[in-house]
Amino acid sequence: MPEGPEVETVRRGLTRLVVGRKVLGTEVRWEKTISGMAPEEFDAELVGRTIEKVDRRGKYLLFRFSGGLTMVSHLRMEGAYYTVPAGTEPGKHDLVTFHLDEGIDLFYRDTRKFGRMNLVPDADALQVAGLAKIGPEPTEKDLSLAYMVSEFAKSRMHVKPFLLDQSHIAGLGNIYVDETLWQSQIHPLTAANKLSEDELARLRENIIHEITRATEHHGTTVHSFTTAFGEAGEFQNELQVYGRVGEPCLRCGHPLEKMKVAQRGTTYCPVCQVVKD
């Protein structure tokens with residue numbers, strides 16, 4: 001599933017490609033992609049509106065249309081947007097087409113068909129699905145140490161699933177949680193409320209730094225992620241633990257191991273990352 005850096009990369013690409021374009025019409029080829037209304041209503045609401053801005057909150061894209069409408073788009077596992085010349089024949093996995101002015105079509109492709117779009121008034125956008133309870137963005141400005149100390153102290157949950165829960169910190173997924181826990185020398189099965197303030201300070205710093213670096217490298221391509229320009233991300237070349245099971249730990253040299261934590265494959269170093277009692 002695309003994580004914060006990947007979705008931010010898509011947002012930046014869409015900003016360059018479609019902001020300022022007017023919607024001439026839409027075609028929906030998989031009705032379940034559109035939540036809360038029929039494809040005909042979706043089309044009627046969008047025709048004639050201009051894409052004024054594309055925002056992001058966590059793993060969600062927010063298309064801001066003229067006239068006070070927002071389309072909340074969650075890419076889920078395989079969702080992707082890309083532009084083509086108007087009249088291009090859609091492929092079998094191109095589920096939605098947005099016909100735009102100036103000879104552009106915006107395709108939404110989703111091989112797994114898990115992605116969803118919700119069209120709502122601007123004022124309701126942050127109440128859609130998981131957005132209502134989403135945590136702060138992993139930035140220097142938004143993610144304070146005081147917040148982390150307070151939030152982690154409330155939970156005995158293992159720290160990995162705690163971090164994957166978007167209500168605590170927005171935009172983190174399996175890859176970046178494995179990476180930042182290794183960088184912070186925290187075992188994935190350590191209880192959240194067992195982490196000291198010093199450990200949380202180190203974890204906070206690593207989360208902010210890692211997400212910033214990943215975004216600068218246009219995200220991580222492990223399976224099928226591409227930018228809005230159809231390009232693969234580059235951050236997979238920078239990963240220190242994810243996807244390196246059996247290889248030497250870059251810190252101590254011991255072979256990295258893999259286990260399941262909250263049903264997610266988890267790579268870690270059994271020497272550098274020790275469970276706290």
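Contact here means heavy atoms within 4.5 Å. The model is predicted.

**The annotated site**

An unreviewed UniProt entry carries the annotation "binding site" for His93 and Arg112. These residues span 20 residues in sequence, yet no two of their C-alpha atoms are more than 8.4 Å apart, so they gather at one spot.

Take histidine 93. Its place is the loop between β6 (80-85) and β7 (94-100). Residues up to four places away in sequence aside, histidine 93 touches Tyr108, Arg109, Asp110 and Thr111.

Arginine 112 sits in another stretch: the loop between β8 (104-109) and β9 (116-121). Met77 and Glu78 are in contact with arginine 112, once its neighbours within four places in sequence are left aside.

**The cysteines**

| Residue | Relative accessible area | Class |
|---|---|---|
| Histidine 93 | 28% | partly exposed |
| Arginine 112 | 41% | partly exposed |
| Cysteine 249 | 5% | buried |
| Cysteine 252 | 37% | partly exposed |

Cysteine 249 is buried because its 5% falls under the 20% cut-off. Histidine 93 is partly exposed, at 28%, and arginine 112 is partly exposed too, at 41%.

Conventions:
Residues numbered from 1 in each chain as written. Predicted model: local features only at pLDDT ≥ 70, side-chain atom pairs only at ≥ 80, totals over all residues. Heavy atoms only, no water. UniProt positions renumbered as here; feature names shortened; annotations may be inferred. Helix = DSSP H or I, 4+ residues; strand = E, 2+ residues; numbered from the N terminus. Buried < 20%, exposed > 50% of the residue type's maximum accessible area, 1.4 Å probe, protein only.
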